[in-house]
Amino acid sequence: MPPPTFADLGVPTSLTAVLTAQGVTEPFAIQAAALPDAMAGHDICGRAPTGSGKTLAFGLPLIAALARGDRWSEPRRPRGLVLVPTRELAAQVERSIAPLAAAVGARTATVFGGVSYVKQRAALRRGVDVLVACPGRLEDLVAQGDVTLGDTDLVVIDEADRMADMGFLPAVRRLLDRTAAKRQTMLFSATLDGEVDVLVRRYQTSPRRHEVEPDSSSNGAVHHVFWRAEQSDRLSLTAQIVAAHSPAMVFCRTRHGADRLTARLGAAGVVAAPIHGSRSQPQRQRALAAFTAGNVQALVATDVAARGIHVDDVACVVHYDPPADAKDYIHRSGRTGRAGADGIVVTMVGGDQAKAVRTMQRALGLDQRVSAPDPSALPPTAPPERRAPAPGAPGSETIHHNPRGGAPPSHRRPRAGQPARRAGQPTKHGGQPARRDRGGPPSPGQRSRPRP
């Protein structure tokens with residue numbers, strides 16, 4: 001039986017035309033599973049990892065519902081709301097849904113911290129149909145009277161588990177309490193337990209549940225090592241690792257530590273850029289763009305970069321400071337070994353951290369001993385241009401969800417010289433093909449027809 005098309009799943013022709021123009025013709029598993037229920041207006045509770053195509057799984061039904069509606073949003077009163085944990089994810093989501101919204105004459109905008117309020121308030125005054133927001137900045141705008149959520153009857157909560165980790169769920173609950181009592185709520189998360197389950201039970205009505213798992217066979221082999229290294233030794237070791245295995249992501253515990261390590265790596269001849277919560281949004285976007293373009297050997301990050309952003313072709317992850325727990329180890333380490341490429345994960349362990357690291361290893365099922373550092377023993381990694389792409393976007397995860405037991409969806413054959421790209425996956429520039437990132441979120445899509 002052939003895999004379903006977006007049209008088979010109920011997506012309107014106006015939106016499938018946009019996808020086809022982008023080269024997206026066959027759904028990811030989470031899209032094939034969730035779209036029929038979402039298009040029918042049901043609440044959706046989806047468990048799927050980052051990179052699984054969730055944006056289209058909620059973006060298509062959200063925009064389709066706007067197109068079917070008999071009214072559009074008024075100034076400061078959006079109908080659709082997408083809540084996300086980080087600025088980078090907000091920008092990525094908006095870039096993905098903006099062309100879909102423009103196809104039906106709807107407008108989108110983002111609101112998040114780290115940038116001026118002026119443009120965000122101006123967009124809200126003009127009228128926004130779908131607002132993509134981080135909870136903190138949205139609460140500020142609500143408190144100041146710049147936006148009202150009483151007409152918001154289409155709500156998406158993306159990366160709910162990450163918002164729980166970051167302490168955002170109280171703000172999420174306060175915002176949901178302000179939305180329309182009768183609404184469609186779609187929630188997506190890598191895990192659905194704990195605080196996320198409370199959110200599901202309180203704010204969703206008989207949600208249709210869809211869960212997918214990553215197919216690890218599409219990922220490369222990841223070599224994990226744990227090295228005994230005190231603070232005085234870590235700079236030299238990190239510089240050696242990055243020089244031999246870049247592009248790399250280096251994780252630090254604190255923002256100050258990330259800034260200091262970036263400067264020290266630069267003095268050691270390694271081109272690095274920091275990314276963390278104290279950097280302005282333009283600074284963070286420039287760092288990501290430089291890293292993606294290959295102009296930076298290492299991205300030095302706090303855990304803000306471990307989830308919610310897509311970074312291609314990472315050869316190596318260095319835990320300069322060990323992660324706090326097993327979940328953080330998985331999220332950080334998951335930046336490498338993707339799309340068929342092999343990867344390396346190196347964890348630096350100080351004497352006072354050995355016990356906590358052993359506990360983490362047991363939780364992860366890793367039995368590597370903490371050994372003396374030996375950069376020469378690390379396996380070689382191919383530079384990005386020589387890595388064999390998997391069938392899908394670089395950095396994507398192949399997801400299997402087929403209750404009938406058939407094969408996962410196939411993908412269209414790329415034209416000569418072009419990598420295949422799968423539904424819902426960002427390009428290297430994070431969204432639309434041939435769209436250049438100019439250092440800030442895209443402007444709201446313009447209406448192509450007057451409001452009815």
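Guide: What follows is a set of questions about labels in this structure, which is a predicted model.

Visitor: How do you know that the span of helix H4 agrees with its number of residues?
Guide: H4 covers residues 87–103, which is 17 residues.

Visitor: What makes H4 count as bent, and where?
Guide: The bend is about 35 degrees and sits at Ile97. A proline, Pro99, follows within four residues. Just after H4, Gly105 has a positive phi of about 80 degrees.

Visitor: Why is H4 called largely enclosed?
Guide: Buried means under 20% relative accessible area. In H4, 14 of the 17 residues are buried, so the rest of the structure largely encloses this helix.

Visitor: Which strands are at the edges of the seven-stranded sheet, and what makes them edges?
Guide: The order is S11-S12-S10-S13-S14-S9-S15, an open sheet with parallel pairing. S11 (272–275) and S15 (370–371) each have a single partner strand, so one side of each lacks a neighbour in the sheet.

Visitor: How do you know that S11 pairs with S12?
Guide: Pairing needs at least two bridges. Four bridges join S11 to S12 (residues 298–301), and the two run parallel. Pro274 has Val300 as its bridge partner, and Ile275 stands opposite Ala301.

Visitor: Which way do the residues of S11 point?
Guide: Ala272 and Pro274 point one way, Ala273 and Ile275 the other. All are buried.

Visitor: Why is the pair of Phe58 and Phe188 called tilted?
Guide: Ring centres must lie within 6.5 Å to pair; stacked means planes under 30 degrees apart, edge-to-face over 60, and the rest are tilted. A search of the whole structure finds two aromatic pairs. For Phe58 and Phe188, the centres are 5.9 Å apart and the planes are at 50 degrees, so this pair is tilted. Phe58 is in helix H3 and Phe188 in strand S6, so the pair ties together parts 130 residues apart in sequence.

Visitor: What makes the pair of Phe226 and Tyr329 stacked?
Guide: The centres are 6.0 Å apart, with 10 degrees between the planes. That angle is under 30 degrees, so the label is stacked. Phe226 lies in strand S9 and Tyr329 in helix H13, so the pair links parts 103 residues apart in sequence. Both Phe226 and Tyr329 are buried.

Visitor: Is Thr302 buried or exposed?
Guide: Its relative accessibility is 7%, so Thr302 counts as buried. Thr302 sits in the loop between S12 and S13. Its contacts include Phe251, Arg253, Ile275 and His276.

Visitor: What is the phi of each?
Guide: Arg76 has a positive phi of about 70 degrees, though not a glycine. Glu159 has a positive phi of about 55 degrees and is not a glycine either. Most residues other than glycine have a negative phi.

Visitor: Which residues does a cis peptide bond join?
Guide: Ser246 and Pro247, with omega about 0 degrees. Pro247 is in the loop between helix H10 and S10.

Technical notes:
Residues numbered from 1 in each chain as written. Predicted model: local features only at pLDDT ≥ 70, side-chain atom pairs only at ≥ 80, totals over all residues. Heavy atoms only, no water. Expected span 1.5 Å × (residues − 1). Bend = angle between axes of the 7 residues up to and from the residue. Buried < 20%, exposed > 50% of the residue type's maximum accessible area, 1.4 Å probe, protein only. Contact = heavy atoms within 4.5 Å. Lists of a residue's contacts leave out its neighbours within four places in sequence.
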